[in-house]
Amino acid sequence: MRLSIQSKLLISAGIIAFFSAIWHVLCIFGGPSWYVFARAPQQIIESSIHGTLLAPIGTLIVASLMFACTVFAFSAAGLIRKVPFLKPALVTIAVICTLRGLIAIPTFITTSGLDIWQIVASVIWFYVGVCFVLGFIKQC
């Protein structure tokens, strides 16, 4: 099976989404320090500290969305069968990931300093967004 460059890029994006989802699930078990390290919103960190359901439920929702990104990426790449709503999902994921990637721009122009974690995460998600854009173009 020869894969196109778009398929290879989609597979890499799917792998990134898969491991990001696993990381999110592990945060539930790792506790508050893992949420802090992952730069989770303060509400989520406090939920984890106090043992309320916001942190685990919110984290599982985000992880589920990331697992869905993996399924759509692998489907568009031809690794698994075509799933319903593939084209709209590719566009939606591409937009969300690309916007997430652009979040780093304010980090470069503020005087508060550079947040390396935010920059790395943003570059990765921007890459994933571009992969999904190319995957959508391949589907057309």
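Predicted model: local features only at pLDDT ≥ 70, side-chain atom pairs only at ≥ 80, totals over all residues.

I started with Trp23: its relative accessibility is 26%, so Trp23 goes down as partly exposed (the scale: buried is under 20% relative accessible area, exposed over 50%, partly exposed in between, with a 1.4 Å probe and protein chains only). Residues are numbered from 1 along each chain as its sequence is written, and side-chain values use heavy atoms, with hydrogens and water left out.

Next, the ring partners. I found five aromatic pairs in the structure (rings of Phe, Tyr and Trp, the last by its six-membered ring, pair if their centres lie within 6.5 Å; planes under 30 degrees apart are stacked, over 60 edge-to-face, the rest tilted). Trp23 and Trp34 are one of them, a stacked pair with 5.2 Å centre to centre and 15° between the planes. Trp23 sits in helix H1 and Trp34 in helix H2 (residues 32-37), eleven residues apart. Helices here are DSSP runs (H or I, at least four residues), numbered from the N terminus. Trp34 is partly exposed too, at 32%.

How do the rings of Phe37 and Trp117 meet? They make an edge-to-face pair, because their planes are at 65°, with centres 5.1 Å apart. Phe37 belongs to helix H2 and Trp117 to helix H7, so this pair ties together parts that are 80 residues apart in sequence. I have both as partly exposed, Phe37 at 47% and Trp117 at 31%. Ring pairs join Trp23, Trp34, Phe37 and Trp117 into a cluster.

Then I checked Ser48, in helix H3 (residues 42-50). Buried or exposed? Ser48 comes out buried, because its relative accessibility is 17%. Leaving out residues up to four places away in sequence, Ser48 touches Gly31, Pro32, Tyr35 and Ala55 (contact means heavy atoms within 4.5 Å).

Last, the largest pocket, with about 990 Å³ of space. A pocket is an open set of points on a 1 Å grid over the protein atoms alone where a 1.4 Å probe fits, with protein on both sides within 12 Å along at least five of seven lines; lining residues have an atom within 4 Å of a point. The lining has 31 residues, and the closest to the centre are His24, Val62, Met66, Arg100 and Trp125. H4 gives the largest share of the lining, eight residues.

Key:
Points joined across faces, edges and corners; volume = space filled by probe spheres on them. Helix = DSSP H or I, 4+ residues; strand = E, 2+ residues; numbered from the N terminus.
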